[in-house]
Amino acid sequence: MLATSTTVERVSSPAAHRSPLTTYRSPTTAAVSCEGVTKEFGANGTKTLALRGVDLRVESGELTLLVGPSGCGKTTLISIVAGLLNPTLGSVAVLGSELAELSGRRLVEFRAKNIGFVFQQYNLLPALSAAENTAVPLIINGWARAKAIAKARDMLATVGLEKRSNSYPAQLSGGEQQRVAIARALIHEPRLLVCDEPTSALDAQSGQTVMELIKQVAVQPGRAVIIVTHDSRVFDFGDRIVEMSDGRITAGGKP
Ligand SMILES: Nc1ncnc2c1ncn2[C@@H]1O[C@H](COP(=O)(O)OP(=O)(O)O)[C@@H](O)[C@H]1O
Ligand SMILES: [Mg+2]
């Protein structure tokens, strides 16, 4: 039987850069689906089991908060979800694509197009200005440099950094660097935004501005957000809370 027009629309555009072997899931696909994800770090003598069989489903259109004590595996889990780290065991699908089936350059392209990531330590490139750092995802996606930089300046203005576009990371405070990192993660309007403590260095006003921007850009139909946080100010923006403890999800893993 022929697929309905809705189905064709949903699968045709993201499918363009996938291999024929990529698993297609139904139109009700979760933004993120983890099954039995385990992660072990280190060699024999010093093994750490950071994740012990995580099942997690994150829906599109939602802002999911991930909470739990330090060392419980939050950063490891979101790094695996964002394709920055491979699981030892288990499977991860993002926006209907199995990450294990996307190798090398195709994974890099998939991430650049679809995922925004705010690192706990910001991870700005020291040799690039704030505007150049912010423009990186657009340039990777093939934008002309001048156009990308212009959009990056607009994005920086939105997070209150219009006067900092030409500054280098070392010239910025922690809170300013954090806002550049957030601008960079949002600039290509990713379908999945993953943030590791994105408001940790921000005052009340900046924290509010950033959360409103995240809500406006990234919490939309067909898009999803996961935020690791301890910040009670962020809780008001969450649709769902997932709790972790000692490498496992202890509440909220499935909606
Ligand atoms: N690259 C690594 N090598 C070895 N152990 C690691 C590494 N990254 C994380 N771990 C360990 O995995 C566990 C979970 O870490 P992490 O995911 O950073 O926790 P959280 O973000 O919840 O604080 C911790 O015991 C941590 O020490
Ligand atoms: Mg962490």
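Me: What is the mean pLDDT of the chain?
Reply: This is a predicted model, so confidence comes first. Of the residues, 88% reach a pLDDT of 70 or more. The mean pLDDT of the chain is 88.

Me: Which helix has the lowest mean pLDDT among the elements of the chain?
Reply: Helix H2 (residues 74-81) has the highest mean, 97. Over residues 1-26 the pLDDT is below 50, and beyond near neighbours in sequence this stretch has 19 contacts in the model. Where pLDDT is low, the predicted coordinates should not be read in detail. The lowest mean, 36, belongs to helix H1 (residues 5-15).

Me: How many helices and strands does the chain have, and what share of its residues is buried?
Reply: The secondary structure comes to 8 helices and 10 strands. The chain has 255 residues. The buried share is 40%.

Me: What span should helix H5 have at 1.5 Å a residue?
Reply: H5 covers residues 145-158, which makes 14 residues.

Me: Within what arc do the buried residues of H5 fall?
Reply: Ala148, Ala152, Met155, Leu156 and Thr158 are buried in H5. Seen down the helix axis, they line one face, because they fall within an arc of 145°.

Me: Which exposed residues does H5 carry on the face turned away from its buried side?
Reply: The buried residues of H5 pack against helix H4 (130-140), helix H6 (174-186) and helix H7 (204-218). The face turned away from that buried side carries the exposed residues Ala146 and Lys147.

Me: Which residue just after H5 takes a positive phi?
Reply: Just after H5, a phi of about 80° is taken by Gly160.

Me: Which element gives the largest share of the shell around ligand 1?
Reply: The shell includes Phe41, Gly42, Thr48, Ala50, Lys74, Thr75 and Thr76. The elements that give two or more residues are strand S2 (48-58) and H2. The largest share, 3 residues, comes from H2.

Me: How many residues of the shell around ligand 1 are polar?
Reply: Gly68, Ser70, Gly71, Cys72 and Gly73 are among the residues that surround ligand 1. The shell has 3 nonpolar residues and 1 charged. The polar residues number 8.

Key:
Residues are numbered from 1 along each chain as its sequence is written. Chains are lettered from A and ligands numbered from 1 in the order in which they are written. This is a predicted model: local features need pLDDT of at least 70, side-chain atom pairs count only at pLDDT 80 or more; totals for chains, interfaces and linings use all residues. pLDDT is the predictor's confidence in each residue, from 0 to 100. Helices (H or I, at least four residues) and strands (E, at least two) are DSSP runs, numbered from the N terminus. Two residues are in contact if their C-beta atoms, placed from the backbone, lie within 7 Å. The expected span of a helix is 1.5 Å times one less than its number of residues. A residue is buried if 20 or more other C-beta atoms lie within 10 Å of its own, exposed if 12 or fewer, and partly exposed in between; C-beta atoms are placed from the backbone. The arc is that of the directions from the helix axis to the C-beta atoms. A residue is near a molecule or strand if its C-beta atom, placed from the backbone, lies within 6 Å of it. Ala, Val, Leu, Ile, Met, Phe, Trp, Tyr, Cys and Pro count as nonpolar, Asp, Glu, Lys and Arg as charged, and the others, Gly among them, as polar.
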